Amino acid sequence: MASASIPEKDQLAAALAEGLTSISSSSSSDDLRALMSALAGKKGAIAGVKSSLGKVTDIEARKELGQAVNEALNALQKASDSRLRELRAGEFASQIQADRVDMTELAMSAEASRRRGRMHLVTQATERLEDVFVGLGFQIAEGPEVETDFYNFEALNMPPSHPARSMWDTLFIESDEPGSVVLRTHTSPVQIRVMQEWPPPIYAIMPGRVFRKETPDATHMPVFHQIEGLVIDRGITFADLAGTIESFTKAFFGEGFTSRLRPSYFPFTEPSAEFDIRRPDGSWIELGGCGMVHPHVLRAGGLDPNEWRGFAFGFGIDRMAKERHGVNDIRDMYSDDIRFTEQFS
Amino acid sequence: MKILFSILREMADIPSDPEVVAVALTNLGLAVEEMDIVGTPVPGVVTARINRMEKHPDAAKVTRCFVDAGDGEERHVWCGATNMQPGDIVPLATLGTKMPNGMDIARRGILGIDSEGMLCSEVELGMSDESSGLLILPKDSPLGVSPFEVLGIEHDVVFDLDLTRNRADCWGHLGVARDLAAHFGVSLNGPRVDVGSLGAEKSLPVVIDAEENCASFTVSYISGVKVGPSPRWVSSRLAHLGMRSINNVVDASNLVMLETNQPNHAYDAAVVSSFRVRLAEAGETLTTLDGQVRTLHSEDLLICNDADNSGVGLAGVMGDLHSEITETTTTLAIESAWFSPDPVRFTAIRHGLRSEASVRFERGTDPNGWVLAADRFVTILRETCPSAVLHTGATVVRTSHCPQPIDVHISVNAVERMLGIRIEADRIVAILNAIGFAAKSNGDDVTCVVPTWRPDCAQSVDIIEEIARHFGYDNIGKTVPNSTVHGRLSNMQQRRRILRRVLVGLGLDEAMPSPFLAPGDLTDVGLTEDDVLRLANPLVADESILRTSLRPGLLRSLRYNQSHRAPRVGLWEIGHVYPKSDAQLPNESEQLAIVVAGGDAETALAQWNAICDALSVGAQLDQSRVPPGLHATRSATLARGKKVIGVVGEVDPVVLDVLGIEGRVSILELDLTTLLNEEPKPVQARDINRFPSSDIDLAFVLPESIAATNLQRALRQAAGKRLVSIELFDVYRGKGVAEGSRSLAFRLRLQEEGGTLTDAILSDVQKSCVAAAEKAGATIRA
């Protein structure tokens, strides 16, 4: 059955054609949105056709016309969506162009305003050392910087007036009993405190600040930092000491580095040794001292030398920082001069 | 300690390559600090006599010398030295000579007059480390020969050893040679001894009063002495070892000491023929060999001529000037004693007089070293004085304090337990015997006798060290202990690391100023010096006080940077402070301080908030308690009840003025012993409340006299359990708000547990908030 030709249908076709033309010629997304609300809105031509549906008496024709209205609306919407995408793309492109910044310029101003602070080179070195030793199974002990003569000397196998005390230039604190309180000359007193306080077995390192009566120069400061290691266990041997130093050497400096021990003397260890690190190029770094904990020291720490044995080692942290960053004058590290500090991230 | 290669080679058949020996020394624990080749003749340098000297009017600082080098030709040489005279014989470096420092002697001139060579000093010839002008040679020296030949200076190698405190024996060449002989497996010959035929028995009387200080005193008698110059090899060796040649007797005494580590003293036996060793009377005087008159202490030990009880030597330190050997001396009393180490050390310290003898006695000498010393003495003396005769019957007086050889037992197992490697008994015995520790084994047990020249060895662990040393540390092997301990940072250490990262994240740099302060530094920053510790022996007075606050050091660093064109620095320090306590040790604690140049109270509070957040800590801000040294109206105490854990705000402008710091400075100080040791419990999760929340914005006018926190607290309480958050989003002072008050606008976010908020509830909450605020002294802003 041929559909009845009714005037509304022609109106609809004309409105649709006109609508599609104006959609395709719209020049901005805002215009398009306004246009669409006019075309598809209640006052638009299509709405006019839709409102006249009631006047169409032929049911079939009305149905057909209603369908045509919906199709026309869909066609408009589809055309509008597609045109909107085109217009938005163009608009974003120009917005993005307008947004342009010079990233290198921003980088410069960002650096100036958002600089991260710096940790002191000694703190950085200490944390690195701690991490390596934690990885090797060590815990970290700390102790006071102002110490009694007992912990700094006597318990370390240096009774009063022991000549080896002259190995350290000691700063003394004024007290009622002159000489009884000192600024610790090494981190070794922490060994005694750990032995007294921690139940063995002990695997501990003891980083910290130490003091000597020394005039500052390019390689010495009266206040500097050491790290001490102490292992107390059953069946600890000198070979364990050498192996631990070797493990540390490889973990901290790198696989290409090796270590050696050579005989030396410290009142608190026996046998005693110096330990040196061999760089891959064959040159040596003299690093620190070590040895088997002297039986007198174990006793001072409250341990029975027949049951427990151990080793200890120690070296300077400042020198590690100095070597790592090629610092020529150690005094620069303690200048707090921002021109020095801000070099190191 | 200087050790001469030639002497070592005489004492033991060690390798001829000094480099090989240097490595061995270091591996034995006798670290070689320096190895110097000395006395190498410089070809082209010859002796020459200065015939005449002239000054040039245009060259005031140099002299024209005309010299005769024995070849009949007079040479002209410009010379900058001033210590020569016509007639002196000096070394001349002829044209074409290559000097030890690499300089080539070429024809050069001043004012158009050429120099035909160069006159030399000892330093220029590489003979010595120091000199004062030209080397002036003996008057009778032949011309045109090497000055090295004239002086008998022999080519040699000096090892400078950094000896450890325990190796007393290595202060003599013999001790070093003994270690090397054992190391290389060669026999130890010791110094050459040829005493000739001995004279009749001759014993000089000796009385020891101070038996503890002087445990052995021996006197050997030598007759037929003629005092004169030493043989060249003796003076050369002494020179290489840093001692001046005096005469054949004194030189023999010194060389014997350097070789055998036995200090000894040669007295003219015609002057001193009986000895007494006693403590000095307080106030007694003695003129030591260096010409100084020493007033003695009652603990100084004195060697006396028993004939008149007068002092002839400060025992173990230095002889008396007036008992010196003279040219007319013909008989000698050679004293070799053993003095107790500590008293010698204290005497040397008291008199500021460290001598070659005292450094040896204070480390410990061998009470049995005197026999070899006397024999070697006469051996050396006989080279220049063949008539010298050593007599039998040397006096030997020993007291009960004299060190004795010690027997020590060890076992193969004990050695293995200590070293981690099994060394068999035979090997142990061989090692010990080679270094003079007479050892024998019985199965796995080893017994040895510690020789008296090793005062450092007394117990088994000392012997094990000797075994390890000669077995070779490198041969012991490397193992790793089987640790049962779990490596970790403690809670406190982890929190300290978190804190450090928060601080650098805030753009602040870590500072590490000296913990030593000058008097006045603390009062300058508004703190007190009442509870400080002082150093008894500071390096300088400006570093004589131990800090009780990080503030002075940080502010000093801040000012330093300001004065070096860094006006806006932010510095932090985590470090110890040491306020005095009633106990022996101070109340040492770890503190944090932050200062920011150009920062204000808000800067410091933002830092405090960041730290609170990172460490899950908190404290009340108490502005009613103004911390000393801080800005009176822009700072607060951080408190937990009565306990103060820190201060926050700005530095007092008066303090900044005193220190010369420009602008405001924010400050935050925290006691870390409290904050880092806390172990916050893990926060327990709440389910997300998915019901919608609503915000109420309320603006109040609050008098300045009332803290904002009071209003906030009132609102918080009034809002009750529905309150999710409360935020101060606007502060306004000015038009529309009365003078002395400010407007504070809060945004309260509310949410109902298990349901949607109704308008009625919101309205109720708002009403009670306003009521509570009014109660707290605020008025709702229209």
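The end C-alpha atoms of residues 689-781 of chain B lie 32 Å apart, and this span is 31% helix and 34% strand. UniProt lists the span as "domain: FDX-ACB" in an unreviewed entry. The model is predicted: local features need pLDDT of at least 70, side-chain atom pairs count only at pLDDT 80 or more, and totals for chains, interfaces and linings use all residues. Residues are numbered from 1 along each chain as its sequence is written, and chains are lettered from A and ligands numbered from 1 in the order in which they are written.

**Annotated spans of chain B**

- UniProt positions are given in the numbering used here, with shortened feature names, and annotations may be inferred rather than shown by experiment.
- Helices (H or I, at least four residues) and strands (E, at least two) are DSSP runs, numbered from the N terminus.
- An unreviewed UniProt entry gives "domain: TRNA-binding" for residues 39-148 of chain B; this span is 2% helix and 37% strand, with its end C-alpha atoms 7 Å apart.
- The annotation "domain: B5", also from an unreviewed UniProt entry, covers residues 403-478 of chain B; this span is 39% helix and 22% strand, and its end C-alpha atoms lie 38 Å apart.

**Domains of chain B**

- Domain bounds come from an automatic or database domain assignment.
- Chain B is divided into domains that include domain 3 (206-398) and domain 6 (694-780).
- The centres of domain 3 and domain 6 of chain B, taken over C-alpha atoms, are 96 Å apart.

**Helix α9 of chain B**

- Helix α9 (residues 370-384) of chain B has 15 residues and spans 22 Å from first to last C-alpha, close to the expected 21 Å, which is 1.5 Å times one less than the number of residues.
- In α9(B), 11 of the 15 residues are buried (20 or more other C-beta atoms, placed from the backbone, within 10 Å of the residue's own).
- Among the buried residues are B:W370, B:F377 and B:L381.
- The cover over the buried residues of α9(B) includes β12 (214-223), α5 (232-240) and α6 (248-260) of chain B.

**Contact between the chains**

- Chain A gives 65 residues to the contact and chain B gives 70, where contact means C-beta atoms, placed from the backbone, within 7 Å.
- Elements giving two or more residues to the side of chain A that touches chain B include α6 (121-135), β5 (223-233) and α9 (238-252) of chain A.
- The largest share of that side, eight residues, comes from α9(A).
- By class, the side of chain A that touches chain B has 35 nonpolar, 16 polar and 14 charged residues.
- Ala, Val, Leu, Ile, Met, Phe, Trp, Tyr, Cys and Pro count as nonpolar, Asp, Glu, Lys and Arg as charged, and the others, Gly among them, as polar.

Definitions and conventions:
A residue is buried if 20 or more other C-beta atoms lie within 10 Å of its own, exposed if 12 or fewer, and partly exposed in between; C-beta atoms are placed from the backbone. Two residues are in contact if their C-beta atoms, placed from the backbone, lie within 7 Å.
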